[in-house]
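Let's take a walk through this one from the inside out. Have the viewer open and follow along.

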Amino acid sequence: MPKAFVEVGGRTMLFYSLVTVRQVSSIDEVVITVPAGFENAARAEVAAAGLVVPVKITPGGIERQDSVRIALELTSAESELVIVHDAARPLAPPAIFDACLIAAAQIGGAIAAIPVADTLKRVADGAIRATVARAGLWQAQTPQAFRRELLVAAHQRAVSEKIAATDDADLVERTGARVEVVEASTENIKITTRADLSIVEAIIAARK
């Protein structure tokens, strides 16, 4: 089962993200990338979430970066800003979307992030080689917002120069553009493991 369609608290992760997007008044259109064959499932989640803005649904690419590029090509050229979000973070609040969009309009790019809280170790062959000072280190999350032309140029450069990155901020940073951080919440968890799923389910149950 694709992660976006895994249920947590009785609804899919995609559903929660779409409900959040519905509450962000400055979002005028939505593009969703899904694995081929899940387009109808995505349409059902869009209907359940009650989105009223135009929605496009398309098969994604092999890697996350490919999927973002595909989605970006389907956004309106007239759009000044775009915001990228992973459905695997179902607890992202509308306020962080708004904050990232406002900052991106002013600066060019902004991402949700939290300061690193744990001590970091550099390890090789199972042994600690160094302790990394965590001062100034932040853990990147989504949503990530950018001026559309910046993100388009960053992805075009990535294709031409065969650059691979784990998030869109990295691609934009490589162009020399400034990207700011907007402090988010530790509850904006990315669900990767069953343990993460249990934590998010507990948070949803507590909120209810």
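What follows starts with a helix, moves on to the cores and ends at a hairpin.

Keep in mind that this is a predicted model. Start with helix α1, residues 13–22: nine of its 10 residues are buried, so the helix is largely enclosed by the rest of the structure. The buried ones are Met13, Leu14, Phe15, Tyr16, Ser17, Leu18, Val19, Thr20 and Val21. And what sits over them? The cover includes the strands β1 (7–8), β2 (11–12) and β3 (30–34), along with the helices α2 (39–49), α4 (94–107) and α7 (194–207).

Now for the cores. The largest nonpolar core has 39 residues, and Leu18 and Ile32 are the ones with the most contacts inside it. Two or more residues each come from α1, β3, α2, α4, β6 (109–115) and α7. The biggest giver is α1, with seven residues. If you click on Ile32 and skip residues up to four places away in sequence, you'll find it touching Leu14, Leu18, Val46, Val55, Lys56, Ile57 and Thr58. Apart from this core lies another, made of 16 residues, including Val68, Val84, Ala169 and Ala177.

Finally, head over to strand β8, residues 127–132. Buried or exposed to the open? Of its six residues, the number buried is zero, so β8 lies largely in the open. Its antiparallel partner is β7 (residues 120–124), and five bridges join the two. Together β7 and β8 make a hairpin with two residues between them, and Asp125 in the turn has a positive phi of about 55°.

Conventions:
Residues numbered from 1 in each chain as written. Predicted model: local features only at pLDDT ≥ 70, side-chain atom pairs only at ≥ 80, totals over all residues. Heavy atoms only, no water. Buried < 20%, exposed > 50% of the residue type's maximum accessible area, 1.4 Å probe, protein only. Helix = DSSP H or I, 4+ residues; strand = E, 2+ residues; numbered from the N terminus. Contact = heavy atoms within 4.5 Å. Core = buried A, V, L, I, M, F, W, Y, C linked by side-chain atoms within 4.5 Å. Pairing = 2+ DSSP bridges.
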